[in-house]
Amino acid sequence: MKPIHQKIVSLALIGSLTAGSFAFAARVEEKKKDKQGHVKNVIMMVMDGTSAGATTLARWYKGAPLALDEMASGAVRTYSAESAITDSAPAATAMATGFKSNDKYIGILPSIVNSPGVASVPKEEAKKPVANVLEGAELQGKSTGIIATSAIQHATPAGFSAHVEHRNWFSDIAEQQVYQNIEVVLGGGKEALIPGSGKNNRKDNENLLEAIKEKGYDIVETRNELLHSKSRKIWGVFANDAMAQDMNRPYTRANEPTLAEMTKKAIETLSKDPDGFFLFVEGSQVDWAAHANDPVGIISEVLAFDAAVKEALSFAKKRNDTLVIAVSDHGNSGITIGNRNTDQTYPETPVSAYIEPLKKAKMTLDGALSRLQPDRSNLEEVAQLYGLDRLTAEEKKKLSESTDLRKTFAELLAARANLGFTTGGHTGEDVFLYTYGPNRPIGTFENTDLAHIMAKAMGFDLHKLNKRLFVDAKKEFEAIGATVAIDRTDAANPVLVVKKGKKIAKLPVNKNIMHIDNQTYELEGLTVYSGERFWIAKQAIHLFETAR
């Protein structure tokens, strides 16, 4: 059981809330009359980059309803503080913190605001870290978890666990995640935890796997190790970077767990906490398949996510204290069932004309192309793995002349399946909202509303949490007569140094640790360095004043 901190129970809607969001506030307040108290558990599930066409296509492919179908409850607006089309980083920030932000920003306020209805941010608060619902759950005494099929440091899981200026700062994100006291962490991203010469390896020579061990985690690296772990704290590192796509796993990395297995294990582990839990789950790779216009990858990843949703629903249906929310962070690819092939024939084109060509594929686009020989001698065999059997003379010509086989493979299969794509990037339409549990939200919401819904459900207020977790270190310490400086001896790890008389405190960036003379204290929040300013938990000021 975690120590129980003082609970905060009021709801303050702040930051980027629009007029529509204030209407949401009224609906929430009205529901107070229906059910008092807070839920014990919240499970937040995000299928990254999934448009409505993708879930429809997945349902037809499966030939049966999705687990998501019985949860459909509304829609979510996804735009960022600066664009009608969001990236995953500001989308995750919005859903986790209640603030819309900018491209690449993780868990911090925007520096550019030009979207209609989004409140401006004072210049001095640009890039200020803002508290997320996972941090709030931890301070409520709940256990927490994050799961992804990407590297765990990727944008969306990072949005629920870190505060950095760029989503690609994997080293900083990884370090912050390690010092967030999250009980269950499952996904890829081993590379960012250890020193090395790889793209995301740590350049500060700090081995975070050792720090994870010292914190008492059971570090698991295979499906079998995960399923047999009895620990209350589990850190799963199943790949150096991303895990395998679900459809390819049996052929490439069969020792990795599925998203459904990770979700089930996390729920089993976290639910042992009598105070409840918060769990974040991402199906990361629908987005990547959509960027590639790969319908097979899109469908298989949606179905893998849906299997994880089924596990969450199975848990929630056995009790009345668990809120499950599932949503996409944004659309991607503009996928449509129907294209120029069906301009005149759509009224009589059967479902089979769209689905049967896709059913022939044995692997996703990336999986099939991974089998291609350097000299392309097995090109037709690889095409067949992707469902492109019995190639026509025209298709053979296009493949033989292609300078971008990923693009050509995807285009040929889409043509066969009568599917359309408008872009290889994200799209700005509203996405479906799926919910289950007590006082589940029903209607159309801003993505920022979801953070406040979850915070309120768990009994805390994000506005008050921000004042508790992130204050300007220089301003606060100077107010009590101390001086502050930044020690940059290690350029990769700046340290805030505070002095008052003979008392000296040091707060290393990205950690929740404060050293005062010869004593080390664990803080309730991270120390974040942003824009030449340190942001710290207000608790640190009190500790410094009272330490002897």
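Two residues are said to be in contact, or to touch, when heavy atoms of each lie within 4.5 Å. The model described here is predicted, so local features need a pLDDT of at least 70 and side-chain atom pairs count only at pLDDT 80 or more, while totals for chains, interfaces and linings use all residues. Residues are numbered from 1 along each chain as its sequence is written, and side-chain values use heavy atoms, with hydrogens and water left out.

Lys538 comes up first. Leaving aside residues up to four places away in sequence, Lys538 touches Lys467, Arg468, Val471 and Glu476. Lys538 sits in the loop between strand S22 (533-536) and helix H21 (539-546); helices (H or I, at least four residues) and strands (E, at least two) are DSSP runs, numbered from the N terminus. With a relative accessibility of 41%, Lys538 counts as partly exposed (buried means under 20% relative accessible area, exposed over 50%, and partly exposed in between, using a 1.4 Å probe and protein chains only). Glu135 is 403 residues away along the chain, and its C-alpha atom is separated from that of Lys538 by 14 Å.

Strand S22 also belongs to an open sheet of three strands, in the order S15-S22-S21, with antiparallel pairing (two strands pair if DSSP finds at least two bridges between them). Strand S15 (471-472) and strand S21 (528-530) are at the edges with a single partner strand each, so one side of each has no neighbour in the sheet. S21 and S22 run antiparallel and are joined by three bridges. Ser530 stands opposite Arg533 in S22.

Next, a pair of helices. Helix H10 (residues 259-270) packs against helix H12 (residues 295-316) at an angle of about 25°, with the axes 7 Å apart. Here the axes are lines fitted to C-alpha atoms, for helices over the stretch in contact, and angles run from 0 to 180 degrees between N-to-C directions. That makes H10 roughly parallel to H12 (angles under 35 degrees count as roughly parallel, over 145 as roughly antiparallel, 65 to 115 as roughly perpendicular and the rest as oblique). H10 makes the contact through Leu259, Ala260, Thr263, Lys264 and Ile267, and the H12 residues include Phe305 and Phe315.

Ser333 is not a glycine, yet has a positive phi of about 85°. Ser333 lies in the loop between strand S9 (331-332) and strand S10 (336-337), and counts as buried at 0% relative accessibility. Asn439, also a residue other than glycine, has a positive phi near 50°. Asn439 is in the loop between strand S13 (431-436) and strand S14 (443-446), and is partly exposed, with a relative accessible area of 36%.
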